[in-house]
Amino acid sequence: MAGEASLTPSYDTLESARRFSSRVKGSRFEAMAWPVGDDTQARSRLSEMGKDHPAATHLCWALRLRDGRSDVERTHDAGEPAGTAGLPILQAIRGAGLANVLVAVARYFGGTKLGKGGLARAYRQAARGALEGAPTVTAIERVRLRVTGPIERDGEVRHLVAGRGGHVAQSVYLEDGQVALLVVLPRDDEVDFRDRLNEITRGAFQVEIQDRP
């Protein structure tokens, strides 16, 4: 239900990027962990990782994003046997109790096959190494809203958003004299924002909830 308060309004994430290297039977594993806010940031980090390790045999990763009511989790084995790379990396993220985190591990094959069990342990170890002991921060859960209404009230809406600790992430000016604002707010302030917006604009703005910031 739109406006429903989250049962978990905050979560822990990494304070900054972390690096870890390990070797298992000749294979080298280079792990990087980043705090990320969305898929776009995650793709950017993975692109950077690929450029940093162009000769890696495999570039495997796992992503865990908090969307307010559940966790969105994605994994990629990058040619390793199914379930031997992405999932163990994800397990390390879960075990650290973190969200909005991406961990990627580049593997340089050393000539000795590790077997499925050995691969899973090696990828999990590399991911854990990047996460264990890492400084974390508690992040406030946020909601993303599309707010559409008369362009002449744009300033009032922006002022209202700023007053509730939010920001306008994107604005699109439409041909019919309307403006569409992508608004990011602390989830706990969503109901108050909707009520106040309706009051000051007399219902001139429509609000649609989006997936996540």
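Colleague: Against which strands and helix do the buried residues of H3 pack?

Modeller: The model is a predicted one. In H3 the buried residues include Gly 118, Leu 119, Ala 120 and Tyr 123. These buried residues pack against strand E1 (10-14), strand E2 (18-24), E3, strand E4 (58-66), helix H2 (86-96) and strand E6 (101-108).

Colleague: What span should H3 have, and how far apart are its end C-alpha atoms?

Modeller: H3 has 17 residues, so at 1.5 Å a residue it should span 24 Å. H3 is followed by Gly 133, which has a positive phi near 75°.

Colleague: Which residues form the aromatic pair, and what is its geometry?

Modeller: A search of the whole structure finds 1 aromatic pair. Its members are Phe 29 and Tyr 123, with 5.1 Å from centre to centre and 85° between the planes. An angle over 60 degrees counts as edge-to-face, and the pair of Phe 29 and Tyr 123 is accordingly edge-to-face.

Colleague: Why does this pair tie together parts that are apart in sequence?

Modeller: Phe 29 lies in strand E3 (residues 27-35), whereas Tyr 123 lies in helix H3 (residues 115-131). Phe 29 is buried at a relative accessible area of 0%, and Tyr 123 also counts as buried, at 0%. Because the two residues belong to E3 and H3, the pair joins parts whose separation in sequence is 94 residues.

Colleague: Which element supplies the largest share of the largest nonpolar core?

Modeller: The largest nonpolar core has 24 residues, and Ile 89, Val 103, Val 105, Tyr 123 and Leu 131 have the most contacts inside it. At least two residues of this core come from each of E3, E4, H2, E6 and H3. The largest share, 7 residues, is supplied by H3.

Colleague: What do the buried residues of H2 pack against?

Modeller: The buried residues of H2 are Gly 86, Pro 88, Ile 89, Leu 90, Ala 92 and Ile 93. Just after H2, Gly 97 has a positive phi of about 70°. The buried residues of H2 pack against E4, strand E5 (71-76), E6 and H3.

Colleague: How many residues apart are Arg 187 and Glu 141?

Modeller: Arg 187 forms a salt bridge with Glu 141, the closest N and O atoms being 3.5 Å apart. Arg 187 is in the loop between strand E10 (178-186) and H5, and Glu 141 is in the loop between strand E7 (136-140) and strand E8 (142-150). Both residues are buried. The pair links distant parts of the chain, 46 residues apart.

Colleague: Where is Arg 164, the salt-bridge partner of Asp 192?

Modeller: The closest N and O atoms of Asp 192 and Arg 164 are 2.6 Å apart. Asp 192, in helix H5, counts as partly exposed at 40% relative accessibility. Arg 164 is in the loop between helix H4 (154-163) and strand E9 (167-173).

How values were computed
Residues are numbered from 1 along each chain as its sequence is written. This is a predicted model: local features need pLDDT of at least 70, side-chain atom pairs count only at pLDDT 80 or more; totals for chains, interfaces and linings use all residues. Side-chain values use heavy atoms; hydrogens and water are left out. Rings of Phe, Tyr and Trp (its six-membered ring) pair if their centres lie within 6.5 Å; planes under 30 degrees apart count as stacked, over 60 as edge-to-face and the rest as tilted. Helices (H or I, at least four residues) and strands (E, at least two) are DSSP runs, numbered from the N terminus. Buried means under 20% relative accessible area, exposed over 50%, partly exposed in between (1.4 Å probe, protein chains only). The expected span of a helix is 1.5 Å times one less than its number of residues. Contact means heavy atoms within 4.5 Å. A nonpolar core is a set of buried Ala, Val, Leu, Ile, Met, Phe, Trp, Tyr and Cys residues joined through side-chain atoms within 4.5 Å. A salt bridge is a side-chain nitrogen of Lys or Arg within 4 Å of a carboxyl oxygen of Asp or Glu.
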